[in-house]
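Me: Hello! I would like a close look at one part of this model, the contact between its chains. Please begin with the backbone and then work towards it.

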There are 2 protein chains.
Amino acid sequence: MQIDLQRQTGLSYVQQIKSAIAERIRSGLLAEGSTLPSVRKLSKQLSVSLMTVVQAYDELEKSGLIERIQGKGTFVKTQLGQLSENPADDSPTRPKKQTTNSSPQLKNDTSYQWQLAVTDYLPRAQVWNFDPQGPFPGGINLSTAIIDPDLLPHAELNKELEKALRESPHLLTRYGPIEGDHELREEMASYHRERGMNVTAEDVLITSGAQQGIDLVARCFVGRGDVVIVEAPTYPSALDVFRGRGATIIPVPVDGDGMRLDILTALCDAHPPKLIYTVPTYHNPTGTVMSLRRRQQLLEIAESYHCLIIEDNPWGDLTFENSPPPPSLMQLEADGHVIHLSGFSKTIGPGCRIACLLAKGTVLKRLVGAKSTVDLGSPLLTQRAVLAYLRSKHAKTFQKKLSQALLPKLDAVLATLQEYAPPGVRWTVPLGGVNIWITLPEQLRAEELLAASRTQGITFLLGSACYPGEPEFNHLRISFANAKKEELHRAVRTLCETISSLLQQPRGNRGQEPVL
Amino acid sequence: MQIDLQRQTGLSYVQQIKSAIAERIRSGLLAEGSTLPSVRKLSKQLSVSLMTVVQAYDELEKSGLIERIQGKGTFVKTQLGQLSENPADDSPTRPKKQTTNSSPQLKNDTSYQWQLAVTDYLPRAQVWNFDPQGPFPGGINLSTAIIDPDLLPHAELNKELEKALRESPHLLTRYGPIEGDHELREEMASYHRERGMNVTAEDVLITSGAQQGIDLVARCFVGRGDVVIVEAPTYPSALDVFRGRGATIIPVPVDGDGMRLDILTALCDAHPPKLIYTVPTYHNPTGTVMSLRRRQQLLEIAESYHCLIIEDNPWGDLTFENSPPPPSLMQLEADGHVIHLSGFSKTIGPGCRIACLLAKGTVLKRLVGAKSTVDLGSPLLTQRAVLAYLRSKHAKTFQKKLSQALLPKLDAVLATLQEYAPPGVRWTVPLGGVNIWITLPEQLRAEELLAASRTQGITFLLGSACYPGEPEFNHLRISFANAKKEELHRAVRTLCETISSLLQQPRGNRGQEPVL
């Protein structure tokens, strides 16, 4: 079992070991009845004291996740109580190898036990934080930052795709170039030139979603111990990527003007960054916008330290402001420090998984090299679907219409918070994008709220997922673009009432300490 | 500049440094006029002696790739002579920063110079071995293992896709599950059950091409210094993946019965493998089939050493045999050691980039975790296109028809080789797949043949790309499935005549030593 212990974090090793094992149990990666490594073995492997592992195991046992059997070892007990569909089923399960039952199902479980001894290099993968059972029937998912498919241009995309298929009947049976279809690269360049960026088709790499763009940059330029600066909070799946590369991740707080560059500057001499990851426009998860002044300062820092910047721009056109946001970092710079990621997945067609990476010089060439190793190029079919759509008349006005369609949803959430949120709860008013960041009074942990709201069919993203070191536990992110207006009203009201009720309970009565 | 020096290889450090820099120049990654690191700096960075770097630079200068200017430094001279379209343009180019010319183009070149100081973690990426100019107009590409799109079922795929779009009009605007569309996973499981494998939908992960499958396994389970066993020769892009993870790659030779397990067994105690990568059926690049006995032995080795096997199966149904090949490794094993990759890109729709990864137990679960970090799931659209096609009647008989359509192409190549190949040239007769492996007399290097045949518009894959340490230089792989029968005849005859003519030249007259 690989547990990546981080020194620069607010969490003790005990907490980190406990979290890592709890995540693996929740995700099903450590199945019921699996044997955990002995205290001695794990302490040796992780280079921590025996006592640290003993304490982590103690806490896991107290949480009901594992079971120690004298003389036999330590085993995974059962699923998390709160997820278990049948609480009566909560009896301790012993390793199946030792039972005499040999039905085919059990036999299979047993024979894969050896796999647990295979070390992996997985970082905490965000997927493990998703609810494995999905939302309840009739439940409301506020945890995923996606847009209601009813608002997306499926009819037009389908029409354009069918036209593209008729025009190029060989589309499905050909490979495209690794860097992307040439015509789509031209179109993407012109799309971004319209938004003020000085780019040509030569600067474009087509990726399978912006997530792949982040991954390609990390694979190329981030190695063990390299310093990656992220906003705190930030996009959780970016953290997974950087952690997977063994980076030293340094979080820099965000305020109403974006990343706190005074703090970044103070850090840089001691920890010269290799890469800075930012969502400057409609920041994920807070929805704020980095000011022009800070954008210019950030570019100066990149120049001084010869480092790269990922400018992640998942929904730059989804604005609720009357005036446009400041120019993008890509637009402001001239020296090839910025790698700009425009996702078209979220706002046009998630089923296409097409995004555009813009970079200059050898940085782009090296990213194409990485893309060749990763998947030999994105599918031609989905590229042409997006190409055909972007060229259509519909696309020209669509983003504006989409913003207008999202505004009533946002207003519904804000109005409901205004009306029902108990004192001490704060939230951001996003200028664009799909997320609202809510801060609870410090004595209430978001995990407690999630455990309670899940039973009512409402899920959201734990704010702690948005920090590399999970130092703050009283935040949550709710995404308002997927649910209907009425659902949003109902869900947010329920959340507020649950918060009130949890705040009224004395601390000791709020159940066992949450595990994640 | 990151150069990953390998100790277990037939190549000296001088050769490795020379190759790495030459590749970067060929690929355009190091542009004309770029400054190379000083001898002192590079020797320090790579922990090799000054003399080693001096020798590598000497050889690069002799090859006309770089230029040393007293008191100024070492610079990239120009493109490879053999690729240069205008040999008269071959004048030394100085760093543009020092000229007074400041047109926008030159200014851009200059301003990105700092990027060369950004270390990357790219392995030798196979894309750099592709001809950057592409095949000549009217030329014949025997280097890429793809199938003539005219032979692929584009009409049926298009028809099924349009039907799927009509049935699910929201297809383009929804995300699918990270592990893949549930119905496609069911279909893939049933497809593989028909081929004797004991799998259910729960064992399936949909990936963006088999290349991504290899990459996911490496990202999960291969770390710096972990031992990965590969066949020698093997699929070049798999090598790139393992090298990118810092693996210790150990090649094991292949004979007519597949991987030489006697050699593997002898290696295993000293170098216990973490992962074994094999293409047991219609091996890439030789087309041979691993015997049943060796398949069983290989599984025993995996069990003894608790290691994983990637069974890459890009074209298992593309058979030229009357009897089917032996059962797959996935079919023969019961303990979760095998990860089976079935590519559907090559043989159905390269434009879809859909492949199926089969694995058991926590190994699969961990791979799903990695997939979430990499791209959050493959596009739903292309998954449904493949699903609809696999369910159609056409798909049931298609692979057999495709094999029959490829057979005349294979026969054309074999007959032409038989007629025109000079004595000393040997080749494999593949039992399936799309490749033939040709061995030249030892005194002739495949690079020399490629340089000569490129001028005649014919390209093939250098055999040296198929070895981790490039110990053999007299092999080439030709892929016969893309070109037309007449083209194959013409191209192979030309190759044979070029070989004859090169063999007749005295060694000293065959031009400068090849750089790659």
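**From the backbone to the chain contact**

Reply: Happy to! P233(B) sits in the loop that joins β5 (227-232) to α8 (236-244) of chain B; helices (H or I, at least four residues) and strands (E, at least two) are DSSP runs, numbered from the N terminus. This is a predicted model in which local features need pLDDT of at least 70 and side-chain atom pairs pLDDT 80 or more, while totals for chains, interfaces and linings use all residues. Residues are numbered from 1 along each chain as written, chains are lettered from A and ligands numbered from 1 in the order written, and side-chain values use heavy atoms, leaving out hydrogens and water.

Chain B has another cis peptide bond, from N284(B) to P285(B), where omega is near 15 degrees. P285(B) also belongs to a loop, the one between β8 (275-278) and α10 (292-304) of chain B.

S47(A), although not a glycine, has a positive phi of about 55 degrees. You will find S47(A) in the loop from α2 (39-46) to α3 (50-62) of chain A. S47(A) is exposed, because its relative accessibility is 64%, and exposed means over 50%, buried under 20%, and partly exposed in between (1.4 Å probe, protein chains only). R353(B) is not a glycine either, and its phi is positive at about 55 degrees. R353(B) is in the loop between β10 (338-343) and β11 (355-358) of chain B. At 4% relative accessibility, though, R353(B) counts as buried.

For orientation in chain A, an automatic or database assignment divides it into domain 1 (13-76), domain 2 (133-150 + 397-509) and domain 3 (154-394). The C-alpha centres of domain 1 of chain A and domain 2 of chain A are 32 Å apart.

Now for the part you asked about. Chain A puts 88 residues into the contact and chain B puts in 88 residues, with contact meaning heavy atoms within 4.5 Å. Together the chains bury about 7500 Å², 60% of it on carbon and sulfur atoms; that is the accessible area (1.4 Å probe) lost on being put together, summed over both. Between chain A and chain B there are two salt bridges, each a Lys or Arg side-chain nitrogen within 4 Å of an Asp or Glu carboxyl oxygen. In the bridge between D215(A) and R219(B), the closest N and O atoms are 2.7 Å apart. On the chain A side, the elements giving two or more residues to the contact with chain B are α5 (154-167), α7 (209-221), α8 (236-244), α12 (361-374) and α13 (380-391). The largest share of that side comes from α12(A), with 10 residues.

Finally, zoom in on N158(A), a residue of helix α5 of chain A. N158(A) is buried, because its relative accessible area is 8%. Apart from residues up to four places away in sequence, N158(A) touches L165(B), P169(B) and L172(B).

Key. Buried area = accessible area lost by both parts, 1.4 Å probe.
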